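Subject: Structure handover

Hi,

Here is the structure I said I'd pass on. Have a look at it first, then read on for what turned up.

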Amino acid sequence: MNARWAVDAVLLDMDGTLLDTEKVYFDSLVAALNACGYTDDVVALCHSMVGLPGPVCEAMLRGHYGAAFPLDDVNRAFLEHRDRMMRSGLPLKPGTLDLLDAIATAGRPMAIVTSSSRRSAERNLALAGIRDRFETLLTLDDVAEGKPDPELYLKAAARLGVTPQACIAVEDSNHGVTAAHAAGAITLMVPDMAPPTEATRAKCAAVLPDLNAVLVLLQERGAL
């Protein structure tokens with residue numbers, strides 16, 4: 001029989017985990033780079049940015065393309081493309097509502113833990129229709145370092161008044177898993193745009209196909 005998990009709270013990544021936004025961001029960045037004349041190795045470069053904070057991605061772009069990289073032009077094209085794709089709202093990942101309902105029914109406190117800015121997080125959660133489900137929201141604006149640094153997860157646990165070791169963390173990216181594991185949380189991964197590396201798998205209590213499987217596992221382990 002599987003060992004039961006002593007869980008006091010659930011910490012949830014946002015983009016790519018609850019919200020189906022990573023493909024929107026990825027496609028928008030590829031389109032913006034192409035529109036500004038950059039076509040070589042663009043897809044591979046954009047894949048390497050999945051799960052990283054915006055400022056880190058900008059630094060990667062400058063490092064890859066050089067000091068003359070037209071960041072303002074690319075950002076402008078990115079935002080135009082992203083906003084067009086998001087006008088009709090943001091879809092949820094399969095199983096999101098059932099998982100959130102089960103966490104609430106079990107009386108477990110939960111928090112959003114995202115490397116997005118607070119403005120982006122507020123907008124995206126509202127577009128997806130789930131902003132009112134979360135009292136606690138930790139964003140890039142709350143820390144000095146975003147993921148893969150563990151600071152976001154450490155602050156989220158402290159905000160909820162629990163230890164990180166008594167938290168379930170649900171992530172979709174390698175960088176997010178690194179952050180949650182380094183904080184000491186029981187880390188589950190539901191891969192989105194990028195598959196887990198072997199190093200990432202070693203940091204996870206489980207790698208699962210979707211949030212429905214996360215819910216089943218948490219129920220089996222007595223966490224909900």
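Cysteines first: the sulfur of C36 has its closest cysteine sulfur in C46, 12 Å away, which is too far for a bond. The search over the whole structure comes back with 0 disulfides (a disulfide being a pair of cysteine sulfur atoms within 2.5 Å). C167 is in no disulfide either, and the nearest cysteine sulfur, that of C204, is 16 Å away. C36 is partly exposed at 28% relative accessibility, while C167 is buried at 0%. Here buried means under 20% relative accessible area, exposed over 50% and partly exposed in between, with a 1.4 Å probe and protein chains only.

Before the rest, some ground rules. This is a predicted model, so local features need pLDDT of at least 70 and side-chain atom pairs count only at pLDDT 80 or more, while totals for chains, interfaces and linings use all residues. Residues are numbered from 1 along each chain as its sequence is written, and side-chain values use heavy atoms, with hydrogens and water left out.

Now the helices (helices are DSSP runs of H or I with at least four residues, strands are E runs of at least two, both numbered from the N terminus). In α4 (residues 71–86), the buried residues are L71, V74, A77, F78, R82 and M86. They sit on the same side of α4, because they cover an arc of only 155 degrees around the axis (taken from the directions from the helix axis to the C-beta atoms). Their cover includes α1 (22–35), α3 (54–65) and α6 (118–127).

In α6, the buried residues are S120, A121, N124 and L125. Their arc is only 120 degrees around the axis, so they too share one side of α6. Among what covers them are α1, α4, β2 (110–113) and β3 (136–138). Just after α6, G129 has a positive phi of about 80 degrees.

T21 is buried, with a relative accessible area of 0%. Beyond its neighbours within four places in sequence, T21 is in contact with D15, G16, L90 and N124 (contact means heavy atoms within 4.5 Å).

Which helices each supply at least two residues of the lining of the largest pocket? They are α1, α3, α4 and α6. The lining has 34 residues, and Y25, L52, P53, G54 and F78 lie nearest the centre of the pocket. A pocket is an open set of points on a 1 Å grid over the protein atoms alone, where a 1.4 Å probe fits, with protein on both sides within 12 Å along at least five of seven lines; lining residues have an atom within 4 Å of a point.

Cheers
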